[in-house]
Amino acid sequence: LKEEDVDVSVRAIARCGAGTNNIPVDRMTELGIPVFNTPGANANAVKELIVCGLLLGSRRVIDGINHMTSLGEQGLAKERVEKDKALFGGREIKGKTLAVIGLGHIGASTARDADALGMDIVGYDPGLSIEAALKLPREIELADSIASAVSRADYISLNIPYIKGEGGTHGIIGKDVISHFKDDAVLLNFARGELVDSDALKTFLDGDKGARYVSDFPDDVLWNHENAVVVPHLGASTGEAEENAAAMAAETIREYLENGTIRNSVNFPDASMPERDENTIRITVVNKNMPGVLAEITQVFAQGNLNIVQQINHSRGDIAYNVVDIDPTTGGGGLELHELQKKVTMLEGVLSSRILWGTAGAGTGYARNINGEYWV
């Protein structure tokens, strides 16, 4: 998505998926447009592929399929089917240890299912919330670092976001972390390819001591390595995941347009106000997060002798978001609704405003302050 694709009338953008790297989020923030995603909508689909990856990393199923295809082409499949099975020995996952790096929707679900399959679970997540912790298996052991978690693991599942820049997660599984791997560890990466230092991992896999890499992200270094299984990016490629994501995105947009509620936004603060009284009007205001703007907004209402019934003001980074319910019956200052909206919108620092509800269809207007010009 490019900025020129975003019409001046666009109120919000929703991404069916967790990643928003294909949306110019920073620019949308500058324009006062919230960007939503759908975290957890594809969690089950990705989790199931991770479980599949556990098995692919344990048993050389792909190699066996390719071998049988070759034998079939030679007319030798029936003759060699029993004799050649010894070429593709493996191990069972029951009783083995899985390190889950990142315990969000997908990580927690992976931990639960692996626990049900008889695996021992070690988890690491410095940002673990109480809500996420309650979804983990009781027997999970929490490590204090990635190195500590992977050092005892037979399998390692990456479930963390990709964050660029200093202090980010680019190449977080590098030479130092890999040096703590068991010689035959299996790394599962269904999160993002850039999390792994491919050159460092190749050196590790070259040791040929039973280690494997299973991922659904393309890799120029490891794509044809004999100890790597690289499949297309299939994580969320199920009908159910696509339906879940679409439904979540639609509901998120509906709540924003109808009630001013913000949840699952990657650039705006969470915001939710109790249901308005039927006789009130709800107005939302997006502004730059700078001193004095809120006071000026409320001053406009005061000038119109309008009583504020309830309001919230939340901020995140450079953006602030306000939801205000006003009682139109208290107005006596002769300020019409459209005039009120224009005065609020054209305040310095304000980016946009919306009238979500009104009595007798008073309006659902959207207005923007575009470089000092009023657009409605």
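In which helix does Val61 lie? Val61 lies in helix α3, residues 61-74.

This is a predicted model, in which local features need pLDDT of at least 70, side-chain atom pairs count only at pLDDT 80 or more, and totals for chains, interfaces and linings use all residues. Residues are numbered from 1 along each chain as its sequence is written, and side-chain values use heavy atoms, with hydrogens and water left out.

**View 1. A nonpolar surface patch is formed by Val61, Ile62 and Ile65.** Together these residues have about 230 Å² of accessible area (Shrake-Rupley method with a 1.4 Å probe; for residues, only the protein chains shown count as cover). Patches are made of residues with over 30% relative accessible area and no salt bridge; like charges are joined within 9 Å, and nonpolar side chains (Val, Leu, Ile, Met, Phe, Trp, Tyr) within 5 Å. Val61 has a relative accessible area of 40% and is therefore partly exposed (buried means under 20%, exposed over 50%, partly exposed in between; 1.4 Å probe, protein chains only). Helices are DSSP runs of H or I with at least four residues, strands are runs of E with at least two, and both are numbered from the N terminus.

**View 2. Glu48, Glu240, Glu242 and Glu243 gather in a negative patch on the surface.** Asp and Glu count as negative, Lys and Arg as positive, while His and the chain ends are not counted. The place of a charge is taken as CD of Glu, CG of Asp, NZ of Lys or CZ of Arg. Helix α10 (residues 239-259) supplies the largest share of the patch, three residues. Glu243, found in helix α10, is exposed at a relative accessible area of 58%.

**View 3. A salt bridge joins the side chains of Asp325 and Arg282 (2.7 Å, N to O).** The pair links distant parts of the chain, with Asp325 in strand β12 (residues 319-327) and Arg282 in strand β10 (residues 281-288), 43 residues apart. A salt bridge is a side-chain nitrogen of Lys or Arg within 4 Å of a carboxyl oxygen of Asp or Glu. By this rule the count comes to 15. Asp325 is buried at 1% relative accessibility, and Arg282 is buried at 2%.

**View 4. Asp154 sits in the loop between α7 (146-151) and β6 (155-158).** Asp154 counts as buried because its relative accessibility is 10%. Contacts of Asp154 (heavy atoms within 4.5 Å), not counting residues up to four places away in sequence, are Arg91, Lys96, Thr97, Lys182, Asp184, Ala185 and Val186.
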